[in-house]
Amino acid sequence: MPLTVSEVVNEILLLWGVEDPGMSVEVLRTRAVRDLNAATQLLWSRAERLDYFNRVTLTVSFPAGVNAVTLPQNIQQVLGPARLADNAQPLTLLSRRADYDGYGVLYLGLTDNGVPDGVPAAWFVERHNQPEPDNAKVTLLVTPAPLTVTAVLLDVADECPRYRWADYCAGTAVQIPHQYVESILLPVCRHSAMTCQYFTQLDRKDAIEADYQSALTVLGLVDTQPRETKAADVSVSANTGGAP
């Protein structure tokens, strides 16, 4: 069974000596939910490196003759790959707008960049600012523009969920696979909870810190290579002119 928002928040409140969540004051409830959200955002910040809990496949429909579609606002990051929905044919990722604009000349041997409509073969992601509360606008471009209505499958990372006390009351499930709640989310929540002035379980401080460091290692936020080893590598490189 997945862990719920209430279970995670109860764990945080317990570190502050609150055994009965119903007796907690609003300021502690707000702080506990905020710690949960902050921990969730930390996980989502590693979407490109660790996408096993937030990767979803989006179906993007391109009308005939249209080469650009704005993606939904709930997308945090485009991960790729992109492929045609009808036959799973992968599209080539173009890393620069110049490659997209010059696709006809650079890749098709045309004398100009007026690429005729056909079967999409390559894709490019363009990011813009927009005057909205969520100011990131992401557009998926394909070339050639399709001759007929064409669906493209694109792997993306969903936007980070944001929880409220109402989710506690409703028993909302935390949107992360259970094993990552245990190994990453809870350790980060507990570590954040330690900074609260009401933290009472001082005997658990070292264990919480150790679990937090392990979670950071999984997230790739700490370097697991010993400093002595790195220093030795630098010394060898300097003495050999950079040779391996």
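Proline 116 has a relative accessibility of 52%, so this residue counts as exposed; exposed means over 50% relative accessible area, buried under 20%, and partly exposed in between, with a 1.4 Å probe and protein chains only. Proline 116 sits in the loop between helix H4 (103-107) and strand E5 (122-129). Helices (H or I, at least four residues) and strands (E, at least two) are DSSP runs, numbered from the N terminus. Leaving out residues up to four places away in sequence, proline 116 touches Leu110 and Pro144, where contact means heavy atoms within 4.5 Å. From proline 116 to leucine 147 there are 31 residues in sequence and 9.0 Å in space, C-alpha to C-alpha.

A word on the source. This is a predicted model, in which local features need pLDDT of at least 70 and side-chain atom pairs count only at pLDDT 80 or more, while totals for chains, interfaces and linings use all residues. Residues are numbered from 1 along each chain as its sequence is written, and side-chain values use heavy atoms, with hydrogens and water left out.

Now the whole chain. The chain has 244 residues, and 40% of them are buried. Its secondary structure comes to 8 helices and 7 strands. Of the contacts between residues at least 6 apart in sequence, 72% join residues at least 24 apart.

Is aspartate 99 buried or exposed? Its relative accessibility is 9%, so aspartate 99 counts as buried. Aspartate 99 belongs to helix H3 (residues 97-101). Beyond its neighbours within four places in sequence, aspartate 99 is in contact with Leu94, Leu106 and Tyr107.

Next, the cores. A nonpolar core is a set of buried Ala, Val, Leu, Ile, Met, Phe, Trp, Tyr and Cys residues joined through side-chain atoms within 4.5 Å. In the largest one there are 37 residues, and those with the most contacts inside it include Val8, Trp16, Leu36 and Leu185. Two or more residues each come from helix H1 (5-15), helix H2 (26-44), helix H6 (178-193) and helix H7 (205-219). H6 gives the most to this core, 8 residues. Another core, of 17 residues, lies apart from it, and Val78, Trp123, Val125 and Leu140 are among its members. In soluble globular proteins, nonpolar side chains tend to be buried together.

H1 has these buried residues: Val5, Ser6, Val8, Val9, Ile12, Leu13 and Leu15. They pack against H2, helix H5 (165-170), H6 and H7. After H1 comes glycine 17, with a positive phi near 80°.

How do the helices cross? The axes of H2 and H6 come within 9 Å and cross at roughly 130°; axes are lines fitted to C-alpha atoms, for helices over the stretch in contact, and angles run from 0 to 180 degrees between N-to-C directions. H2 and H6 are therefore oblique to each other, given that angles under 35 degrees count as roughly parallel, over 145 as roughly antiparallel, 65 to 115 as roughly perpendicular and the rest as oblique. Among the residues making the contact are Arg31, Asp35 and Leu36 of H2 and Ile184, Leu185 and Val188 of H6.

H6 and H7 pack at an angle of about 130°, their axes 8 Å apart. That makes H6 oblique to H7. This contact includes Ser183 and Pro187 of H6 and Ile208 and Tyr212 of H7.
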